[in-house]
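Please look at the model before reading on.

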Amino acid sequence: MKTITKLIFESFRFAWNALKMNMLRTTLSLLGVTIGIFAIISVFTLVDSLERSLKESFNFLGANTILIQKWPWGLGGDGPYPWWKYLKRPHPTWEEYEFLAENVQNAESLCIIANKRGIVAKFKNNSSNEGNLMGVSNSYKDVYEVTIEEGRYFTSQESIGGRSVAIVGHRIAKDLFADLNPIGKTLKIKGISYYVVGKLKEEGEGFLEMESKDDQIIIPYQSFTKLYYIGKGKGGLEPDITLKGYESDLGLIELESEVKGLMRSKRGLKPREEENFAINHPEAIVNFIGATFDIIGIAGWVIGSFSILVGGFGIANIMFVSVRERTNIIGIQKSLGAKNYFILFQFLFESVFLSLIGGALGIFLVYLLSYANLGTLELRLSLNNVFLGLGVSVVIGVVSGIVPAALAARMDPVMAIRTQ
C-alpha cells in the first residue's frame with residue numbers, strides 16, 4: 001500500500017513539474033485531449049438534453065398507454081406514407097369508447113378525447129386565441145396526469161350531463177383573468193358561457209413550442225360536441241380513445257391484443273379483413289427519438305476522436321522527452337533496488353495524470369457551456385458524461401504512456417547512469 005501511495009505521489013509530482021517547467025509545450029500537447037473530450041462530452045450533453053426535452057414534451061401522450069386512432073403513426077417506416085389507404089377509415093366514436101369501457105379487462109382506465117386548437121376564449125374585454133380546447137370523458141384524470149392548482153375536477157354528473165364547466169391552464173387563466181382568481185368566473189367560447197371550476201398547475205413552455213397544459217381548456221366531452229361537429233365531412237373532428245395499461249403488462253402486449261379483438265368485434269370485421277383502425281404507442285416516439293440521437297452520438301465520437309488522436313500523440317511525445325530527461329534518475333532508482341514495475345507505473349501514472357488534466361479542462365468547458373441561454377433547451381452535464389470523459393482520458397493516458405514507460409522500465413541501470 002505504501003509503495004502504491006508513493007508511486008501515485010511521485011507520478012503526480014513529476015507530472016506537475018513537467019507542467020511547470022515546460023508550460024507552453026505541455027499545454028499545446030494537452031490541447032488535443034482537451035478539445036477532443038470537449039467535443040465528445042459537449043455532443044453527448046447536447047444530445048442527452050435534446051432527448052430529455054423532447055421526451056418531456058411528449059409527456060402529454062401519457063405513460064404506459066396506447067391510443068386508438070384513425071391514422072397510424074408513420075415513424076421511420078419504409079417508403080412513402082400511404083395516407084390514401086387510411087383516408088376512408090371511420091374515426092373512434094363515443095359508442096366504441098363505452099363498449100370498450102364495459103368489456104376491456106387489461107386496462108387500468110380509458111378515456112376519449114377530442115380537441116380543437118387555436119380557439120378563441122373571452123372574458124369581458126379580455127381574450128385568448130391560442131387555446132387548445134379539449135373535450136374529455138370523466139376518466140381523463142385517471143389516464144393522464146391532471147394537477148389541479150385551484151378549484152376541482154369535473155363531477156360525474158357534470159360530465160355525463162355535458163354541463164358547461166371548464167378547467168383552464170395557467171396561461172389561459174392569466175390572459176383572461178389577469179390577477180383575478182379564475183374559479184367561479186365565466187368565460188365564453190363561440191358565444192357559450194363556461195363556468196370555471198378548476199385551474200391547472202403551471203407547466204411551463206414546452207420544448208420547440210410543443211403542446212403545453214398551460215394552453216389547455218378542458219371541458220366535458222358531451223359539452224364539446226355541442227360546440228364542434230365530430231364525424232366525417234368538412235370540419236369534422238376525429239376523437240382518440242386512450243387506454244392505460246397495468247404496470248405488469250410489459251409492452252402492453254395483452255392490452256393491445258384484447259383491444260384489437262374488441263374493436264374488430266365492434267366494427268364487424270371478418271377474420272381476413274384488415275383492421276380499419278390504428279393502435280399507436282407513445283413509446284414508439286421515444287424509441288424513435290432515441291435511435292435518432294444514437295446516430296448523432298456516433299458523430300460526436302468521430303469528431304472528437306480526431307482531436308483525441310492528436311492529443312494522444314502529444315502526450316506520448318511529452319513522455320518520451322520526460323524519459324530522456326530523467327534517464328540518470330531512472331538509473332539511480334534501479335541501482336538502489338527499484339523494480340521494473342515501479343519505473344513502469346511511475347511514467348504510466350504520469351501520462352494518465354497529464355491526460356486527466358486535459359480531460360478535466362474539456363469537461364470544465366462543457367460545464368461552462370451548460371450555463372448558456374438556449375431558450376427552452378436546458379443543458380445538463382450529467383455525472384455519466386463526466387465519468388465518461390474522465391474514463392476516456394484515462395484510456396488515452398494509458399495508451400499514450402505505455403510505450404515510453406516500458407522503455408524506461410527496461411533500461412539498463414549502468415547505461416542509464418552513464419547517459420548524459
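Axes are lines fitted to C-alpha atoms, for helices over the stretch in contact, and angles run from 0 to 180 degrees between N-to-C directions. The model is predicted: local features need pLDDT of at least 70, side-chain atom pairs count only at pLDDT 80 or more, and totals for chains, interfaces and linings use all residues. Residues are numbered from 1 along each chain as its sequence is written, and side-chain values use heavy atoms, with hydrogens and water left out.

The protein chain has 14 helices and 10 strands; helices (H or I, at least four residues) and strands (E, at least two) are DSSP runs, numbered from the N terminus. Of its 420 residues, 45% are buried, meaning under 20% relative accessible area with a 1.4 Å probe, protein chains only.

Helix H4 (residues 94-103) has Glu96, Tyr97 and Leu100 buried. These residues lie on the same side of H4 because they cover an arc of only 105° around the axis, taken from the directions from the helix axis to the C-beta atoms. The cover over the buried residues of H4 includes these elements:

| Element | Residues |
|---|---|
| strand E1 | 65-69 |
| strand E2 | 107-123 |
| strand E9 | 240-245 |
| helix H9 | 253-266 |

The axes of H4 and H9 come within 11 Å and cross at roughly 130°. Contact (heavy atoms within 4.5 Å) involves Glu95, Glu96, Phe99, Leu100 and Asn103 of H4 and Glu258, Leu262, Met263 and Lys266 of H9.

Notes. Buried means under 20% relative accessible area, exposed over 50%, partly exposed in between (1.4 Å probe, protein chains only).
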